[in-house]
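Visitor: I have a structure open on my screen and would like to walk through it with someone. Could you show it here and take my questions?

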Amino acid sequence: MSTLPQNRAGLGIAFVIAGMVAISINDMLIKQLSGGYPLHEIVFLRSGIGILISLMLVQVEGGWQILKTRRPVLHTIRGLLIVVANMTYFIALAAIPLADATALFFAAPLFITVLSIPILGEKVGVMRMTAVVVGFGGVVIMQRPWADADTLDASRLVLLLPVLSALTYALNQLMTRKLGVESKASALAVYIQATFIVVSLGFYVVAGDGRFAEGVENPSIQFLFRAWVWPADGDWWVMLGLGLNAAIIGYCLSQAYRMADAATIAPFEYVGLPLAVFWGWLIFAELPVWEVWAGIALILGSGLFVFLRERQKARIIARTPVMRR
């Protein structure tokens with residue numbers, strides 16, 4: 001009886017690692033394309049390919065009937081949250097190094113801990129809350145409040161975008177845990193890809209001609225509002241890879257959080273940090289400055305401490321006899 005939960009936890013860890021590898025490749029490819037295409041065009045092409053692959057997985061997991069849901073509003077909110085999380089993060093990528101954006105985004109587990117208090121009614125002890133404060137201290141260090149604006153890689157507003165992305169991602173993950181009880185991973189992935197398609201088409205209708213990017217020098221705003229262009233022949237393969245990655249990410253992360261407790265698998269999301277540093281060095285010749293290394297150390301250390309405490313707490317509760325709970 002005890003092997004099934006262990007096996008599911010192991011599968012959940014495998015799924016989250018696969019998802020993080022796909023995310024790191026996805027971020028690297030989008031940063032490469034950010035100088036020539038608008039974000040909403042990339043998102044539309046990526047999600048169009050991704051939803052086709054996700055629909056194939058729907059057939060494998062049970063057929064069209066698994067797309068039915070009793071909570072369409074909650075799925076829509078979840079989809080919009082992940083859209084905001086992705087788009088704020090991607091437009092930051094156009095202006096700041098990949099490792100910087102990724103490290104700031106990893107404030108998400110800290111947000112999950114804080115938000116679990118009002119949303120899930122969980123109790124957070126002094127040690128865990130202290131770790132959260134230390135982690136947010138790392139975020140502040142990476143913002144370099146003591147530096148002149150001219151010495152920063154981007155404006156302070158752009159540096160806050162990955163933090164906003166982390167907040168909306170944390171809200172999304174809390175909702176995934178609730179909705180995953182009654183929805184298959186492939187269905188959850190389809191809902192997200194469909195939301196991306198609708199939002200990107202909305203951007204095309206409003207800003208697809210590029211009029212909002214005219215005369216703008218900020219790379220993040222250009223990336224958000226640049227006019228749609230037909231992809232170059234060599235870039236179609238990149239778009240196809242992004243679509244495949246979108247399907248892998250949506251499925252793997254949804255499956256991971258369905259199969260195991262967040263406290264068990266969330267620490268493995270941190271494999272994304274060394275991968276971001278690696279891709280930034282290999283593709284873009286970027287290496288973090290000392291403030292970013294310090295922020296990475298504080299965020300990584302506090303995040304792992306929080307999740308290890310979560311896991312320890314879960315084990316104690318699981319070992320407690322039913323009559324004593």
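What follows is a set of questions and answers about this predicted model.

Visitor: How many salt bridges does the structure hold?

Guide: Happy to start there. One is between Lys 31 and Glu 286, another joins Arg 144 and Asp 100, and Arg 211 forms one with Asp 209. The structure's total is three.

Visitor: How many residues apart in sequence are the parts that Lys 31 and Glu 286 tie together?

Guide: The side chains of these two meet at 3.8 Å, N to O. Lys 31 sits in helix H1 (residues 3-33), while Glu 286 is in the loop between H12 and helix H13 (290-319), so the pair links parts whose separation in sequence is 255 residues.

Visitor: Is Lys 31 buried or exposed?

Guide: The cut-off to keep in mind is that buried means under 20% relative accessible area. Lys 31 has 12% relative accessibility, so Lys 31 counts as buried.

Visitor: Which helix holds the salt-bridge partner of Arg 144?

Guide: The side chain of Arg 144 meets that of Asp 100, at 4.0 Å from N to O. Arg 144 and Asp 100 are buried. Arg 144 lies in the loop between H6 and helix H7 (156-179), so the bridge ties this loop to a part 44 residues away in sequence, and the helix that holds Asp 100 is H4 (residues 98-105).

Visitor: What span does helix H6 reach from its first C-alpha to its last?

Guide: H6 covers residues 126-143, which is 18 residues. At 1.5 Å a residue, 26 Å would be expected. The model comes close to that, with a span of 26 Å.

Visitor: Within what arc do the buried residues of H6 fall?

Guide: The buried residues of H6 include Arg 128, Ala 131, Val 132, Gly 135 and Gly 138. Seen down the axis, the buried residues of H6 line one face of the helix, because they fall within an arc of 150°.

Visitor: What is the relative accessibility of Gln 193?

Guide: Gln 193 belongs to helix H8 (residues 185-207). Beyond residues up to four places away in sequence, Gln 193 touches Ser 47, Gly 50, Ile 51, Ser 54, Ala 246 and Ala 247. Gln 193 counts as buried, because its relative accessibility is 3%.

Visitor: What accessible area do the residues of the nonpolar surface patch have together?

Guide: The patch is formed by Phe 278, Trp 281, Leu 282, Ile 283 and Leu 287. One of them, Ile 283, lies in helix H12 (residues 272-284), and at 34% relative accessibility Ile 283 counts as partly exposed. Together, the patch residues have an accessible area of about 500 Å².

How values were computed
Residues numbered from 1 in each chain as written. Predicted model: local features only at pLDDT ≥ 70, side-chain atom pairs only at ≥ 80, totals over all residues. Heavy atoms only, no water. Patch = residues over 30% accessible without salt bridge, like charges linked within 9 Å, V, L, I, M, F, W, Y side chains within 5 Å. Areas by Shrake-Rupley, 256 points an atom, 1.4 Å probe, with all protein chains shown as cover. Helix = DSSP H or I, 4+ residues; strand = E, 2+ residues; numbered from the N terminus. Buried < 20%, exposed > 50% of the residue type's maximum accessible area, 1.4 Å probe, protein only. Expected span 1.5 Å × (residues − 1). Arc of directions from axis to C-beta. Contact = heavy atoms within 4.5 Å.
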